Amino acid sequence: MSIYQYSALANPNVDIRLVKLLPGRFHDDLRIALYHVPLIRPPAPSRVRLGQAMLKELQQTLPAGWAAWENLEGKYFFEDDGGEITTWIHPDPNVPRSSYEAPPAEPVAGALPEYEALSYTWGTMDNPQIVRLQADEHSSVDHSILEIQQNLATALRHLRYPDKSRVLWIDAICINQKDIPERNVQVTRMKDIYRLAGRVVAWLGPESEDSQHALSTLDYLGAQIEYTKDQFRLPAPDCAHPQWFHSYTDLPYREDTWRSILELFRRPWFDRLWVTQEIQLANARAVVKCGSDEIPWSRFRRALYCLRCKRELPYKGLSTRIMQIGALARPLQGFNFRVLLLTFSDRLCSDPRDKVYGLLGLASQEVLSQVRPQYSLPFEEIYRDTFLCLLDQTQRLDSLSECTMRPGRPERLPSWVPDWSWNTRDQAVLYNNTWFASGNSRAHATLHPGGVLEVTGVHVSTVLAVQGPVVRQDTQALAAIRNWAPDDIRTGLYPTGESLVDAFASTMVMNKVKDHISTRGSIPTLQVLRESLLGHLSQPGEGDGVDVSPLSRLATEILRGRVFITTDNGYFGLGPPGTQPGDLVCTILGCFSSIVLRAQPHGAFAVVGGSYVHGLSNGEGVLGPLPAPWQAVFRTDEAGVFVPYFRDPRAGVDSDEDPRLRALDLDPVWECCAGERTRDDPQLYARYRNRDTGEVLNSDPRLLPEALEGRGVALRRFRLV
């Protein structure tokens with residue numbers, strides 16, 4: 001029988017293919033009908049939920065001590081002051097339910113084809129399976145065959161109904177993978193394909209390793225927890241176990257249960273890049289299916305996030321695996337595209353171009369207008385153009401922090417472009433970006449012929465010595481801390497004036513302490529971290545294989561792959577692998593982290609990578625140190641983004657404005673203007689408008705190069721190759 005020959009879509013920008021999976025018993029031959037239909041985005045519903053605006057209105061109607069929240073499916077619920085009681089019903093019975101309950105759906109009849117979208121792992125074609133194609137479900141004649149992967153064939157057997165057809169969208173079948181122009185267009189349409197599907201089915205594979213028990217356990221755990229769009233955990237209304245959401249509450253599971261959960265999380269689906277957007281774009285009816293068992297994705301993700309936030313899990317390897325896959329449970333559709341690229345750079349795909357294209361379904365329209373799939377281009381060119389798109393959209397150079405000089409880096413990739421084909425997450429200075437090395441400044445970058453990017457910044461220090469790097473094992477992280485600790489750690493002072501022990505403890509976790517980050521999360525205070533560090537150092541040569549809480553829990557995650565650097569002006573920090581004595585530590589305008597540069601011939605520089613240098617990560621390179629006793633503290637804004645504010649602990653005063661900027665006069669030509677944050681805005685931003693020209697900045701004009709140089713800041717231009 002002949003191999004199926006695809007017929008071209010009449011209009012790939014409108015039409016899609018759908019698979020009609022014909023009925024049959026489990027071991028019968030697989031038979032499908034393949035047909036074309038238009039998929040046109042329907043008009044927006046007449047009633048639109050107001051999100052954060054609605055939450056503010058609800059909050060004003062609540063009695064004292066109550067809070068309103070919105071869960072991931074858009075439902076509002078209410079929490080009492082103690083956080084132990086939640087309810088779907090407003091505590092004031094006089095507030096009508098219609099004012100906060102979701103309006104009924106208003107489908108447009110006939111506007112969309114009815115189908116389910118499959119999310120699965122392709123696997124290899126080592127053992128191809130045959131699908132027989134028929135003209136339609138009423139035909140009994142096979143007219144051609146199609147070869148598919150083993151995993152897809154297994155999925156179809158489990159999805160097939162015995163007595164009726166089932167309509168599916170499956171990327172490997174519904175896109176002609178050999179037709180590059182069609183593939184370019186259809187990949188851009190996957191956002192709508194998964195968003196408009198009747199539901200998404202995430203296929204994990206056949207039943208094995210007690211997967212049925214794992215799924216039922218996760219289903220029950222997920223029912224105990226609510227997860228808000230602000231990424232807070234709370235007990236679910238009417239749950240049976242209101243304490244389970246706490247990070248410190250142990251779960252009553254036996255070893256066999258933990259083992260089954262770990263084996264489920266080890267399935268290849270969790271490592272595939274494409275599933276990220278597929279499941280994130282799904283509606284509330286999405287399910288996770290393993291063999292014949294399935295549970296709602298909404299409960300699965302709540303259970304995963306609950307486990308991710310536990311301080312300790314009793315089964316070896318489970319915490320590490322959950323840290324690897326846990327980001328999948330977070331609400332990602334409002335994320336900046338740079339953060340998406342970085343967060344999922346460790347996910348797998350067969351084509352390096354897909355490290356960018358496989359996440360476009362979660363990108364903003366502004367990014368989509370500049371980054372269009374072109375599978376005929378080399379991936380190095382795609383990565384460079386994506387970097388430049390992010391620079392254009394955000395006016396920031398934060399992606400420089402993701403660059404590395406790793407062995408095997410593609411030669412055609414400039415040092416200033418991240419190699420997203422590799423796992424950049426381990427080396428990038430990512431963890432919530434709770435510092436701002438260049439303040440609220442914008443990038444000043446020019447692309448010159450030959451791939452040279454000229455940037456503006458300040459040379460703040462030079463690397464004097466390097467120790468490391470740390471690999472992933474807990475034992476080496478703890479041993480490294482012992483080896484790196486200064487001899488006078490208990491008595492010495494740091495250049496900032498703080499104690500050496502506090503500076504070193506903060507550096508080992510990149511300042512991820514509660515004194516610096518105002519969050520409900522379970523991160524330690526500096527005092528707790530200091531005591532943990534000194535306790536570890538008081539037992540020389542012992543305890544390196546022991547989980548020293550909380551030091552090892554944070555440091556093991558943050559130190560892996562990094563080196564310890566000391567500088568010529570007495571500072572220390574964590575640098576990228578490959579850092580060498582003589583490298584420059586620079587504050588680059590428009591970049592949140594310090595960047596390590598290495599001199600090249602003809603006055604050029606190569607990017608070694610991002611770094612955290614304690615005492616130089618809160619704008620000191622462009623504004624000088626914060627005046628005592630002011631401290632920089634990060635908190636989440638209404639969009640869930642970490643932003644700094646400034647605290648005077650003596651006066652008990654908090655301020656959104658940097659006290660160093662408050663002391664500087666703003667040129668009267670500039671006025672601060674209001675505006676809501678968009679997903680393409682950088683983490684730290686403000687809007688200013690030029691009264692004369694109408695130009696709008698997303699940064700502070702007092703940090704423009706001419707303003708900095710006017711105050712004596714020694715700016716330099718660095719030509720990056």
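Predicted model: local features only at pLDDT ≥ 70, side-chain atom pairs only at ≥ 80, totals over all residues.

Colleague: OK, so at what angle do the axes of H9 and H10 cross?

Modeller: Roughly 120 degrees, and the axes of H9 (residues 297-308) and H10 (residues 318-325) come within 9 Å. Axes here are lines fitted to C-alpha atoms, for helices over the stretch in contact, with angles from 0 to 180 degrees between N-to-C directions. Helices (H or I, at least four residues) and strands (E, at least two) are DSSP runs, numbered from the N terminus. H9 and H10 are therefore oblique to each other.

Colleague: Which residues meet there?

Modeller: Leu-304, Leu-307 and Arg-308 from H9 meet Ile-322, Met-323 and Ile-325 from H10, where contact means heavy atoms within 4.5 Å. That contact splits into five nonpolar residues, no polar and one charged. For those classes, Ala, Val, Leu, Ile, Met, Phe, Trp, Tyr, Cys and Pro count as nonpolar, Asp, Glu, Lys and Arg as charged, and the others, Gly among them, as polar.

Colleague: Switching to strands, what's the order in the open sheet of three?

Modeller: The order is S22-S23-S24, with antiparallel pairing; two strands pair if DSSP finds at least two bridges between them. S22 (631-636) and S24 (653-655) are at the edges with a single partner strand each, so one side of each has no neighbour in the sheet. Neighbouring strands in this sheet are turned by 35 degrees against each other on average, direction ignored.

Colleague: How many bridges join S23 to S24?

Modeller: Three, with S23 covering residues 642-648. Phe-646 stands opposite Ser-655 in S24.

Colleague: And what do S15 and S16 form?

Modeller: A hairpin, with three residues between the strands. S15 (residues 445-448) and S16 (residues 452-467) pair in the antiparallel sense over four bridges, and His-448 stands opposite Val-452. In the turn, Gly-450 has a positive phi of about 85 degrees.

Colleague: Which residues does a cis peptide bond join?

Modeller: Gly-468 and Pro-469 are joined by one, with omega about 5 degrees. Pro-469 sits in the loop between S16 and helix H15 (474-484). Ala-628 and Pro-629 are also joined by a cis bond, with omega about 0 degrees. Most residues other than glycine have a negative phi, and most peptide bonds are trans.

Colleague: What about Glu-209, what's its phi?

Modeller: Positive, about 50 degrees, although Glu-209 is not a glycine. Glu-209 lies in the loop between S10 (199-205) and H6 (211-222). At 52% relative accessibility, Glu-209 counts as exposed; buried means under 20% relative accessible area, exposed over 50%, partly exposed in between (1.4 Å probe, protein chains only).

Colleague: Last one: how many residues of H16 are buried?

Modeller: Nine of the nine in H16 (residues 500-508), so that helix is largely enclosed by the rest of the structure. Among them are Leu-500, Asp-502 and Phe-504. Just after H16, Met-510 takes a positive phi of about 50 degrees.

Terms used
Residues numbered from 1 in each chain as written. Heavy atoms only, no water. Parallel < 35°, antiparallel > 145°, perpendicular 65-115°, else oblique.
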